[in-house]
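Please have the sequence and the coordinates open as you read.

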Amino acid sequence: MGIVQRFVAGIVVYHLLYYELKTTVVPNFTGYDRKAEPQVVVAEIAKRIVSIVYGLLNVYVGVSVIAETHHDILYAKSQLLEFWVPLLLWYFIYDIYAMCDVSYLKIKCEQLTAMERVKKIIIMKQYFILHHLLIFFFSPLVFVYTLDKGLGHMPLGCLCLTEISAPFVSTTYIMNMLHKTSSIWYTVLGACAVLSFIFRVLMVPLLYVYYGVQYGLGPVEVVTTMRIQCHVACAIFTAVQIAWLVQIILVTVKHLKRSDSTIVSKKD
């Protein structure tokens, strides 16, 4: 299957899965009443389920690629990674569509023109849209270089593995929408989400260490033997992960404070 066919496969799989979940699976599973509840709830849950599926697939690919290429961090190759990259990239375009669809449902009842709706949706999701577009348009430059040269398949496998956070984040989000935040599972999954983002922050430093150990290099040699582009990409990636981690921690702390206040009110 060529690159074009894999892009097409990504278009079909992600969008079809989202559509089926939104129109059939989720309403039946949650007992959704179209007259009693806003449709945006089902759309958001469907979007999050697709995110869970995407995250689990990335974890599988990441573990498989690392197992196949761990013996040489630079030159070992993986055919699975080459197959997965186009499917991985198209997810970000799908996710922009899904975010805009959910946002549209949120403002559907407002008296706005079509252009005003578009502007409001872009403003509501501007950070996520920018994030996804940057990944979609600039990541191919990295992937084409590494895949064409046969370099760095293991670090790219580790990049896939960072999506381990998606199932935890999306599941807690779904539980929140279904008003299940008092469940112990909500707290456990929230803690797992925080731990997964700590892992994402530590991913790049661990790769630097692994590179040095595997090739017998000291800290200075590790830095000087890598291209400046690699350092810049790693720095940007780590900065984004730190920002996500801070946001996740703030949400978790807010939930814990709300839980404590609820317990106190019940005692009173």
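The structure holds 10 aromatic pairs, where rings of Phe, Tyr and Trp (its six-membered ring) pair if their centres lie within 6.5 Å, and planes under 30 degrees apart count as stacked, over 60 as edge-to-face and the rest as tilted. One of these pairs joins Tyr14 and Tyr94, which are stacked with 5.8 Å from centre to centre and 25 degrees between the planes. This pair links distant parts of the chain, since Tyr14 belongs to helix H1 (residues 3-30) and Tyr94 to helix H3 (residues 79-106), 80 residues apart. Helices here (H or I, at least four residues) and strands (E, at least two) are DSSP runs, numbered from the N terminus. Both Tyr14 and Tyr94 are buried; buried means under 20% relative accessible area, exposed over 50%, and partly exposed in between (1.4 Å probe, protein chains only).

Before going further, a word on the model itself. It is predicted: local features need pLDDT of at least 70 and side-chain atom pairs count only at pLDDT 80 or more, while totals for chains, interfaces and linings use all residues. Residues are numbered from 1 along each chain as its sequence is written, and side-chain values use heavy atoms, with hydrogens and water left out.

Now back to Tyr94, and to its pairing with Tyr18. How are the rings of Tyr18 and Tyr94 arranged? Their centres are 5.9 Å apart and their planes stand at 65 degrees, so the pair is edge-to-face. Tyr18 lies in helix H1 and Tyr94 in helix H3, so this pair ties together parts that are 76 residues apart in sequence. Tyr18 and Tyr94 are both buried.

Another ring to visit is that of Tyr173, where Arg48 lies over the face at 3.8 Å from the ring centre. A charge sits over a ring if NZ of Lys or CZ of Arg is within 6 Å of the ring centre and within 35 degrees of the ring normal.

Let's step back to the whole protein. Its secondary structure comes to 10 helices and 0 strands. Of its 268 residues, 40% count as buried. Among contacts with a separation of 6 or more, 75% come from residues 24 or more positions apart, a contact being heavy atoms within 4.5 Å.

What does the protein show on its outside? It exposes about 15,500 Å², with carbon and sulfur atoms supplying 71% of that area, as computed by the Shrake-Rupley method with a 1.4 Å probe. Val8 is in helix H1 and is partly exposed, with a relative accessible area of 43%.

His71 is found in the loop between helix H2 (39-69) and H3, and it is exposed, with a relative accessible area of 54%. Not counting residues up to four places away in sequence, His71 touches Ala76 and Gln214. The C-alpha atoms of His71 and Met154 are separated by 9.1 Å, although these residues are 83 apart along the chain. His179, in turn, has its place in the loop between helix H7 (165-177) and helix H8 (184-215). Is His179 buried or exposed? His179 is exposed, with a relative accessible area of 70%. Its phi is near 60 degrees, a positive value in a residue other than glycine.
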